[in-house]
Amino acid sequence: SSAWDQTNAGSDSFVTVIKDPDPCAGPNLTIPSGVTCTLPSGSYTFQSLTVQSGGTLVLQGDSATTPYGAGVTVTVTSNLTVASGGTITANDQGFGAGQGPQPGRPAGIGASGNGAGHGGEGGLSNHPCCQVRAIAYGDALLPLAMGSGGGNTSGGGAIKLVVTGTF
């Protein structure tokens, strides 16, 4: 058997369990290739932040916070580096499909749905019945509102980066 047999271990034996380290931990965060670090809605501070090629930092939104949801604020007191092929994203982290302050409408029979509003007006449907645009909302100079969901897709989340050093 490949399993450890406690009956043969003796009374003075012990086992040390080593857990995988949290990919989002540390004052100096480095996200290597093939690793995804996901931060829930809130504020985070790092001394330095590096996303290597193939690494991903996902910043989640919280649609329960009204009226515009809540995103993620990342403060970096030194340098923020995103290598070519590295990703910082809030794609699909906003309001769910058909949800939010200015949601889109799903596609109907023979018609595409219309897009949600946020930083600009939503897109129009290709069908004459649905020629209503979702209006823009939020603040163009301080864009902290999450995106409303389109007819069939989630909206984008909200990211605020505060970098003291080089970005």
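Biologist: Leaving aside neighbours within four places in sequence, which residues is Thr56 in contact with?

Modeller: This is a predicted model. In it, Thr56 is in contact with Ile31, Val35, Thr36, Cys37, Val51, Thr87 and Thr89, once neighbours within four places in sequence are set aside.

Biologist: Which strand does Thr56 lie in?

Modeller: Thr56 belongs to strand β5.

Biologist: And is Thr56 buried or exposed?

Modeller: Its relative accessible area is 19%, and buried means under 20%, so Thr56 counts as buried.

Biologist: How far apart are Thr56 and Pro32?

Modeller: In sequence they are separated by 24 residues, and in space by 8.2 Å, C-alpha to C-alpha.

Biologist: What does Leu57 touch, not counting residues up to four places away in sequence?

Modeller: Leu57 touches Ile31, Cys37, Leu39, Leu49, Val51, Thr87, Ile88 and Thr89 on that count.

Biologist: Let us turn to the largest nonpolar core. How many residues has it, and which have the most contacts inside it?

Modeller: That core has 14 residues, and those with the most contacts inside it are Cys37, Leu39, Leu49, Leu57 and Val74. At least two residues of the core come from each of β1 (28-31), β2 (36-39), β4 (48-51), β5 (56-59) and β6 (72-76). The largest share, 3 residues, is supplied by β6. As a general point, nonpolar side chains tend to be buried together in soluble globular proteins.

Biologist: Now the cysteines. How many disulfides does the structure hold?

Modeller: It holds 1 disulfide. Cys24 and Cys37 form it, with their sulfur atoms 2.0 Å apart. The bond links distant parts of the chain, since Cys24 sits in the segment before β1 and Cys37 in strand β2, 13 residues apart.

Biologist: Why is the disulfide of Cys24 and Cys37 called right-handed?

Modeller: The torsion about its S-S bond is about 135°, so the disulfide is right-handed.

Biologist: Are Cys24 and Cys37 buried or exposed?

Modeller: Cys24 is buried, and Cys37 is buried too.

Biologist: A change of topic: in what order do the 3 strands of the open sheet stand?

Modeller: The order is β1-β4-β7, with parallel pairing. At the edges stand β1 and β7 (80-82), each with a single partner strand, so one side of each is left without a neighbour in the sheet. From one strand to the next, the twist averages 0°.

Biologist: How many bridges join β1 to β4?

Modeller: There are 4 bridges between β1 and β4, which run parallel. Asn28 stands opposite Ser48 in β4.

Biologist: And over how many bridges do β4 and β7 pair?

Modeller: They pair over 3 bridges, in the parallel sense. Thr50 stands opposite Thr81 in β7, and Val51 is opposite Val82 in β7.

Biologist: Stepping back, how many helices and strands does the protein have?

Modeller: The secondary structure comes to 0 helices and 9 strands. Of the 167 residues in the protein, buried residues make up 26%. The protein exposes about 9,900 Å², of which carbon and sulfur atoms supply 52%.

Biologist: What percentage of the contacts with a separation of 6 or more is accounted for by residues 24 or more positions apart?

Modeller: Residues 24 or more positions apart account for 55% of those contacts.

Key: Residues numbered from 1 in each chain as written. Predicted model: local features only at pLDDT ≥ 70, side-chain atom pairs only at ≥ 80, totals over all residues. Heavy atoms only, no water. Core = buried A, V, L, I, M, F, W, Y, C linked by side-chain atoms within 4.5 Å. Buried < 20%, exposed > 50% of the residue type's maximum accessible area, 1.4 Å probe, protein only. Contact = heavy atoms within 4.5 Å. Disulfide = S-S within 2.5 Å. Pairing = 2+ DSSP bridges. Axes fitted to C-alpha atoms, helices over the stretch in contact; angles between N-to-C directions. Areas by Shrake-Rupley, 256 points an atom, 1.4 Å probe, with all protein chains shown as cover.
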